[in-house]
Amino acid sequence: MTAVHVPGTPIIEDGRLVSTSPATGAEAGRLPVATEADVRDAVARARVAADWWAGLGFTGRRERLLRWRGVIARRIEELAELVHTEGGKPVADAVVEILTALEHIDWAARNAKRVLGPRRVRTRLILAEFTGHLEYQPYGVVGVIGPWNYPVFTPIGSAAYALAAGNAVVFKPSEYTPAVGQWLVDRFAEVVPEQPVLQAVHGLGDVGAALCRAGVGKLAFTGSTRTAKKVMAACAETLTPVLLEAGGKDAMIVDADADLDAAAEACVWGALTNAGQTCIGIERVYAVDQVFDAFVDKVVAKAGRLTVGPDGADIGPITMPSQLDIIRRHIEDGVAAGGRAVLGGADAVQPPYVHPTVLLDVPEDSAAVREETFGPTLTVNRVRDVDEAVERANALPYGLGGSVFGRKRAVAVARRLRSGMASVNSTLTFAGMSTLPFGGVGESGFGRIHGEDGLREFGRAKSITKRRARSMLPAMTFERTPADVARLVKAAKLMYGRGR
């Protein structure tokens, strides 16, 4: 009996990975599957390319990266259409994703020298005869394992910063969006034809595992928490450092003095954009009692107006077909546990689509609240005050992003969220701000992409001291005398003995 192929599910035929649209089943790409040997060879080629790439210096790399940015920008409609075809994302959302990625390429290229370049570091009196110098040297080859939900923005958030830092990159796109990943690599090759500085290797999870073990200098992964743990275990075999951006279950807090219209608009966007398939998407809302009912009414009205479908709709299909069962289970679990659907419900799951669903009064121990749903669903629960909201928001092991709406206390409340990022009176905006680091805590991973911290993730700190004069207080030598030691003791008491 021949198995029925579910549109959007990647298959391998004759040694090639076949990618199809989750909405129509149309073929989006057919890429060669890499073997373990192919992955090792790609990394070996990358090592040679990395030496050449690093030799271009910050100025040379900046010029090439800005040309890559320019190629992508000029062909933004083409790439957006491919993102739409392969993953189902609405074209307008794809354009926004690509625009954000372009900003990150631009910032990384323009700021790498300032952040990572050699500089003199101020020394202290105890070693005044030396000068200190600091620079960040590239790892050589960085492996990047990307996700399917943001196949342009997310891998570029690692790759562009790694490239700006002087590394070559071997990129394993998600098997659900390999054509988009290859498109980015091919456009880079147009502006850097001399060496394979950015390569793609395609396949299923075994190809990602092979990349972890192929001898890269560092590996950056974005995906589920479960897979992140496997990646970390594989990299631990060779003490390969990792940067992990894993799952999330981000919360939004609505205080009594919030602008409810703005809060509802941002909530609907943060929860339902990309059909809810966003690691930093709002999946839980805690609204204080005074504004709960009015806030819910506004959210339901706005979410209820959204269109769902293949072309020109606000919400597209679920990219990964197996996720539909998880979304359905969470909705049914939330209702069975005592919650109530004020929009959508179990019948909102109509493969390959899920219509917006808003659940109220869902118990905190239910799967709908505690597990990552990755669909266009939202739980909204009433709390007595922001203290209870913060307590509930922080109760899960995830800690990626979050949002707070309010006036007087909003920033203070945002600081209390156990998360790597937070937005005040907006949602998701920290992702687009190239100057800010992006990453989580707890089961949402560790390490940072974007901003200065993101650049430093892809360079090894190298410290150098240089003698500039004879030591007045010789310490690190067997030539020191008892008188020298006495002077060291006296200096220690004078410098550090006062207690303040």
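Predicted model: local features only at pLDDT ≥ 70, side-chain atom pairs only at ≥ 80, totals over all residues.
Local features were considered only at pLDDT of at least 70 and side-chain atom pairs only at pLDDT 80 or more, whereas totals for chains, interfaces and linings use all residues. Residues are numbered from 1 along each chain as its sequence is written, and side-chain values rest on heavy atoms, with hydrogens and water left out.

Helices (H or I, at least four residues) and strands (E, at least two) are DSSP runs numbered from the N terminus, and two strands count as paired if DSSP finds at least two bridges between them. Six strands form an open sheet of mixed pairing, in the order 8-7-6-9-10-20. Strand 8 (198-200) and strand 20 (445-446) stand at the edges with a single partner strand each, so one side of each has no neighbour in the sheet.

Strand 6 (residues 141-145) runs parallel to strand 7 (residues 168-172), to which five bridges join it; here Gly 143 stands opposite Val 170. Strand 6 is also parallel to strand 9 (residues 218-222), through four bridges, and Val 144 has Ala 220 as its bridge partner there. Together with helix 5 (residues 153-164), strands 6 and 7 make a right-handed β-α-β unit (with the strands pointing away from the viewer, the path from the first strand over the helix to the second runs clockwise). Five of the five residues of strand 6 are buried (under 20% relative accessible area with a 1.4 Å probe, protein chains only). Val 141, Gly 143 and Ile 145 point one way from this strand, and Val 142 and Val 144 the other way.

The structure holds zero disulfides.

Grid points are joined across faces, edges and corners, and a volume is the space filled by probe spheres set on the points.

The largest pocket has a volume of about 1000 Å³. Its lining has 37 residues, and those closest to the centre are Trp 148, Phe 221, Gly 223, Ser 224 and Thr 227. Helix 7 (205-212), strand 9, helix 8 (225-236) and helix 11 (323-336) each give two or more residues to this lining, with helix 8 giving the most, six.

The second largest pocket holds about 370 Å³. Of its 25 lining residues, Thr 100, Tyr 150, Phe 153, Leu 428 and Ala 431 are the closest to the centre. Helix 4 (91-116) provides the largest share, four residues.

Five cavities of 30 Å³ or more were also found. The largest cavity, of about 100 Å³, is lined by 14 residues, with Ala 251, Arg 284, Ala 393, Gly 401 and Arg 418 closest to its centre.

Notes. Disulfide = S-S within 2.5 Å. 1 Å grid on protein atoms, 1.4 Å probe; cavity = no way out; pocket = protein on both sides within 12 Å on 5 of 7 lines; lining within 4 Å. Buried < 20%, exposed > 50% of the residue type's maximum accessible area, 1.4 Å probe, protein only.
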